[in-house]
Amino acid sequence: MIMRTYRRALIGAALLAGTMMTPAIAQMKTITGGFDVGPGGLQGNFNPMTAPAGYTWLSTYFEPLVTYDAGLTKLVPALATSWEISDDKLSYTFKLAQETWHDGQAFTADDVKFTIALNKNPKTASLLSARLAAIDSVEVKDPRTVVVRLSRPDNALIVSLTKMMILPAHVLSAIAPEDMAKNALWSTKPIGTGPFKFVRYETDRFVELAAHESYRGGKPKVDRLINRYFANAAAAISALRAGEIQFTYIESDDVPTFKGSKDFTVIEGASYVANYIGFNNQVPLWNDIRVRQAVMHAIDRNAIIDSLYKGAAKKADCGYVEGSLIPKGLDAYAYDPAKATQLLKEAGWDKINGTKPITWLTYYNNPLTANVMAAVQSMLAQVGINVVPRALDPAGYNAIAMSRTSNPADFPLVYAGLQNGPDPGTLNLGLNESQIPPVGQNFLQIKIPELNAALNAAVAETDQAKATTKYQDVCAVMNKTLPWGTMWVANRYGVASVKLKDFVWTPAPGGGPFAATPEKWSIAP
Amino acid sequence: MLGFYLKRLAAGLMMLIALSILVFVLLRLAPGDPVDAYLNPLAPLSQTEMDALRQRLGLDRSWPVQYLAWLSAALAGDLGYSIDRAGVRVLPLLVERTGPTLLLMLTGLAMAILLGIASGVIGAVKRNSAIDIGLGLVAFVTISTPAFLNALLGLYVFAVVLRWAPSGGMLTPGAPFSLSDLLAHLILPASLLAVVYSALFMRYMRSSMIEVLNQDYLRTARAKGVGEFAVIVRHALRNAILPVITLIGSTIGIAIGGAIFIESVFDWPGMGLLMVKAVETRDYPVIMGATLLIGAGVILVNLLTDLAYAVVDPRIQVR
């Protein structure tokens, strides 16, 4: 009896404690979101050097020197208040902001020098290593000035620097480069300069940040930011509808359920990701350009965009869709099954492959992509190309298509995407022969000399106007030589609660970074 | 009797080793390399550095050597380190996740047992009445509905539309621990886990009870003046519950699978979610450790079921 009474008292006390804690929590202004949901997010990744995505969240507590504005149209200051590029394009001088690290130490030019050296060192597994190869030396002029000297002009360098989060030398210099990639420090006590500072990571559940009160952009308007983890976008949508989170990425087929809602705002933007049918150049199926042309003519891209994307995608006739990069006279590869059949006949497709099944891999695991691939499968079947879609989880896809031990016969065809902006030079990583792994991302082993020349000329051009013309040349060569069957660039979406004020988000590729100004975000009660 | 249990225990250990070999081989046959999950395949490491990394992770050795190294360490209580979560030992990780899974599974099962047995007894006692037909219909619908549909419908109706319970997680992110918060998060996934099993238990309980209610000894008890409630609870239920106990024992193994599924739908941070993530990242040591732990749990529960069977019915003897 006594035990029973004791137990009841204990449970009662716990319940009471729970109830009493609620007002304290309510007093703290907190924004909770699914900031790492969708293709721009990367749950469980805390190291900004090895992050191919997840920058929306990472840039709430880390900062680069420069970043894109929220419209992804121009570069704006971040930790560098200004920068100058010398006339010969070989010297970049950055003036640095007055800021303190989250642990109270002063941020100086030495941290910038340290971060560049860290990212250039391949042993750290930094994905920026190759992109910073043109940097010859870094000179610290004074604590607020740093000069980056190049061995050759590289007009993509400044864009690469938007992805390079500045890291604290006083914290990381003690760690050996080869132990850096997966060091526990990243998920336990990372130190940044951003408007929020790291509090804790509850494994597989959420990451909590607290306001960096002395932030140079002003004390953040909310006390805490919480990034909740979800198994998929659908789970995040449930939490959003239930009022548990205030923001998440959503798939395009969920947009109609939020449009017109008085409780939510739909945010729409270009994905800057070109989706393509990738021909593996290590297998002989696609050597004849007439076969690649036939693939293009066999697919009714307009119908797919209208019926499956509901118009929220732009047909791409090369790697770009942005108007200034599109030259006149491109072949539109209009839907023409008869022409596709004729081209296959001329190429001798019966002898090359005939109707034998061709595995078509993708890492996109969502209903929309499944429907798109099924539609393409049936269109290609009509002209005699028998593709079999196979969606894999990222680990499975990487092992088959991206690993250094890959067998080319296992991935004759892929459906994938590659970032094509805001800097058009990013396409170079997947298309130039010089970017075949492990240097770059040209895992389809595309080797087209005319395309290499066009890309090299565009990437090396430091004059903006001339560079645009040279990227038009890249587009024209892509359209003519078909290194990929480029399909479209789709829009992507996020949904925010109307309770959020001054919230800035854009569906940037890899999640950004962009000037999201998280210190200004607030939430209505 | 003791010899029987020792034999069962030995057989269970053999089954565990066989299970671990099976999982070990299947994992290696699946596409996906833990090194690619550990580091982005496009990381600019040279082949020598990649080889050194593979060696450091113990992935350069032959399969039998890898397996025997794992087994000998596991027998000594060391399940190694997670590949995906560098520096994190597998055993503490599993122990940390066992609590939430047990909480969810046992709450769900307890609710299912209570509901199932009570409604089974009512159905049998009030045989062919409106209440019996109603309960039967509910059981039929819940058993016939796929578990994923139950879970997703429950999530949508009770969390999204009615907002009676949170849509996922075990505690409110960022909030300090409170029992009320935990219970609020627990009630929906546990109830949905309970729904299917309670229907199963109810059907078994009802048919077993009907059989027992026709026995002569119950008539004798009533003739001796024992009250109807006591007749049903003390005399009929005790005999009728035997097959249900067996069912409960064998259901625990299945319930672990159910809990894993529910955990994925509700982002419940237990073993299920851990395993799903470990499979996605090809985190071999975590998958192996979790499989071993779950397998050991199922075997132990089966042994305990045998024991409970003998306790409830002393007539049962094993030679």
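A polar contact here is a pair of N or O atoms within 3.5 Å; within protein, one must be able to donate a hydrogen and the other to accept it, and residues adjacent in sequence count only if both atoms are side-chain atoms. With that in hand, look at A:D393 and B:R282, whose side chains are joined by a polar contact of 2.9 Å.

Some ground rules before going on. This is a predicted model, where local features need pLDDT of at least 70 and side-chain atom pairs count only at pLDDT 80 or more, while totals for chains, interfaces and linings use all residues. Residues are numbered from 1 along each chain as its sequence is written, chains are lettered from A and ligands numbered from 1 in the order in which they are written, and side-chain values use heavy atoms, with hydrogens and water left out.

Back to A:D393. You'll find A:D393 in the loop between β15 (387-391) and α14 (394-402) of chain A; helices (H or I, at least four residues) and strands (E, at least two) are DSSP runs, numbered from the N terminus. A polar atom of the A:D393 side chain also sits 2.9 Å from the backbone nitrogen of A:G396. Leaving out residues up to four places away in sequence, A:D393 touches A:N365, B:V279, B:E280 and B:R282, where contact means heavy atoms within 4.5 Å. With a relative accessible area of 21%, A:D393 is partly exposed, given that buried means under 20%, exposed over 50% and partly exposed in between (1.4 Å probe, protein chains only).

A:R228 lies in strand β10 (residues 224-228) of chain A and, at 6% relative accessibility, counts as buried. The A:R228 side chain makes a polar contact of 3.0 Å with the side chain of A:E244. A polar atom of that A:R228 side chain also lies 3.4 Å from the backbone oxygen of B:G168.

Most residues other than glycine have a negative phi, and most peptide bonds are trans. A:A125, though not a glycine, has a positive phi of about 65°. A:A125 is in the loop between α3 (109-120) and β6 (135-142), and it is buried, with a relative accessible area of 1%. A:L482 also has a positive phi, near 50°. A:L482 lies in the loop between α17 (464-481) and β17 (484-497) and is buried at 2% relative accessible area.

Then come the cis peptide bonds. The bond from A:G421 to A:P422 is cis, with omega near 0°, and A:P422 is in the loop between β16 (413-419) and α15 (428-431). The bond from A:G512 to A:P513 is cis too, with omega near 5°; A:P513 lies in the loop between β18 (500-501) and β19 (522-523).

Stepping back, chain A has 17 helices and 19 strands, and its C-alpha trace spans about 85 × 70 × 45 Å along its principal axes. Of the 525 residues of chain A, 55% count as buried. Among contacts in chain A between residues at least 6 apart in sequence, 69% join residues at least 24 apart.
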